[in-house]
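Student: I would like to learn how to read the features of a fold, one at a time. Could we go through an example together?

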Amino acid sequence: MKVENIKNICNLGTGTMGFGTALMFSMAGYNVRMYGRSEASIERGFKGINSALEAYVNNNLVDKKDVPAILGRIKGVTTLEEAAEGADFVIESVAEELAIKQEIFGKLETLCKEDVIFATNTSGLSPTAIAETLKHKERFVVAHFWNPPHLVPLVEVVPGKHTAKETVDTTWELMNRIGKKPVALNREALGFIGNRLQLALLREALYIVEAGIATKEAVDTTIKYSLGRRLSTTGPLESADLGGLDIFYNISSYLLKDLCNSSEISPLLKEAVAKGTLGSKTGSGLYEWNDEALTKIKKTRENILIEWLQKDKTMEF
């Protein structure tokens with residue numbers, strides 16, 4: 001499948017990620033069939049889409065007069081047969097369970113044209129494993145959008161063992177055309193790029209708290225008001241070059257041996273999960289979350305991410 005031949009998108013999922021991917025494709029001019037298991041799922045998807053569009057309009061990222069056309073390009077459907085009709089590209093954001101994804105793609109393979117690219121929005125499952133039961137493994141790839149997908153530009157394009165280079169290249173170009181910032185991995189790896197880096201940082205952050213070096217508030221403040229700001233412009237490797245590799249070499253010589261290198265799950269994380277305090281979704285985790293605090297931090301995050309989208313329109317990195 002050539003990217004210029006892609007016109008119709010089969011979008012599987014209406015939840016946290018699914019509504020966002022549907023919106024991204026529609027805003028770029030593609031026709032989208034958004035699949036949900038029920039009319040309630042479709043309603044939830046459009047609620048998310050309308051909320052995102054309202055934020056875009058209020059921040060001059062979308063012209064209000066364009067909203068009806070954007071919404072008109074998205075059709076909610078409740079069967080895979082309807083979702084697959086005329087599809088040129090499939091993006092899947094359903095439950096993070098291997099068997100469920102295999103079942104859906106297995107059925108889609110009987111419904112779609114043989115050159116349709118199948119992309120999964122998994123955040124960690126192996127593309128090789130998901131594609132194991134498919135006849136055309138060469139057209140299967142990961143297109144991992146980051147949450148929230150309508151506000152975070154990154155998409156990780158990850159090949160499986162049998163993925164064709166053309167599949168990776170076409171998917172990368174398609175992500176670029178819908179306004180995302182795609183990165184293609186040379187090969188699959190657990191956690192891809194982003195989650196490997198995120199978990200390495202989280203491991204050290206939890207260790208600093210567990211070891212009594214600093215409070216959780218101090219750790220989060222340190223990231224938000226130093227690394228978080230700098231890394232938004234210069235990545236870790238660019239930052240090393242700008243700081244001087246000799247400086248980082250010298251720091252590495254004494255600091256690396258003192259960093260946490262445990263392959264065991266953090267005791268803090270184990271304890272929280274065992275107690276069922278899973279974070280904002282249960283009202284408490286490492287922090288306590290009431291409705292007011294949760295609304296405030298989500299709105300703050302949305303505002304800052306929108307500011308970056310506005311900057312992206314005028315800046316080239």
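Student: Where is Pro148 found?

Tutor: Pro148 is found in the loop between β6 and β7 (154-159); helices (H or I, at least four residues) and strands (E, at least two) are DSSP runs, numbered from the N terminus. Before we go on, this is a predicted model, in which local features need pLDDT of at least 70, side-chain atom pairs count only at pLDDT 80 or more, and totals for chains, interfaces and linings use all residues. Residues are numbered from 1 along each chain as its sequence is written, and side-chain values use heavy atoms, with hydrogens and water left out.

Student: What is the peptide bond from Asn147 to Pro148, cis or trans?

Tutor: Most residues other than glycine have a negative phi, and most peptide bonds are trans. The bond from Asn147 to Pro148 is cis, with omega near -5°.

Student: Which value does phi take in Asn60, and which in Phe192?

Tutor: Phi of Asn60 is near 60°, a positive value in a residue other than glycine. For Phe192, phi is near 55°, again positive in a residue other than glycine. Asn60 sits in the loop between α2 (39-58) and α3 (67-72), and Phe192 in the loop between β8 and α8.

Student: Is Asn60 buried or exposed, and is Phe192 buried or exposed?

Tutor: Buried means under 20% relative accessible area, exposed over 50%, partly exposed in between (1.4 Å probe, protein chains only). Asn60 is exposed, with a relative accessible area of 68%, whereas Phe192 is buried, at 3%.

Student: What is the order of the strands in the sheet?

Tutor: Two strands pair if DSSP finds at least two bridges between them. Here an open sheet of 8 strands has the order β3-β2-β1-β4-β5-β6-β7-β8, with mixed pairing. At the edges stand β3 (74-77) and β8 (181-184), each with a single partner strand, so one side of each has no neighbour in the sheet.

Student: How do I read the pairing of β5 with β4 and with β6?

Tutor: Strand β4 (residues 89-92) pairs with β5 in the parallel sense over 4 bridges, and Phe89 has Ile117 as its bridge partner in β5. On to β6 (residues 140-145): 3 bridges join this strand to β5, and the two run parallel. Val141 is the bridge partner of Ala119 in β6.

Student: Which way do the side chains of β5 point?

Tutor: In a regular strand the side chains alternate between the two faces of the sheet. From β5 (residues 117-120), Ile117 and Ala119 point one way, Phe118 and Thr120 the other way, and all are buried. Ala119 has a relative accessible area of 0%.

Student: Which residues is Ala119 in contact with, leaving aside its neighbours within four places in sequence?

Tutor: Contact means heavy atoms within 4.5 Å. With those neighbours left aside, Ala119 is in contact with Phe89, Val90, Ile91, Glu92, Phe105, Val141 and Ala143.

Student: What do β4, helix α5 and β5 make?

Tutor: A crossover is right-handed if, with the strands pointing away from the viewer, the path from the first strand over the helix to the second runs clockwise. With helix α5 (residues 98-111), β4 and β5 make a right-handed β-α-β unit.
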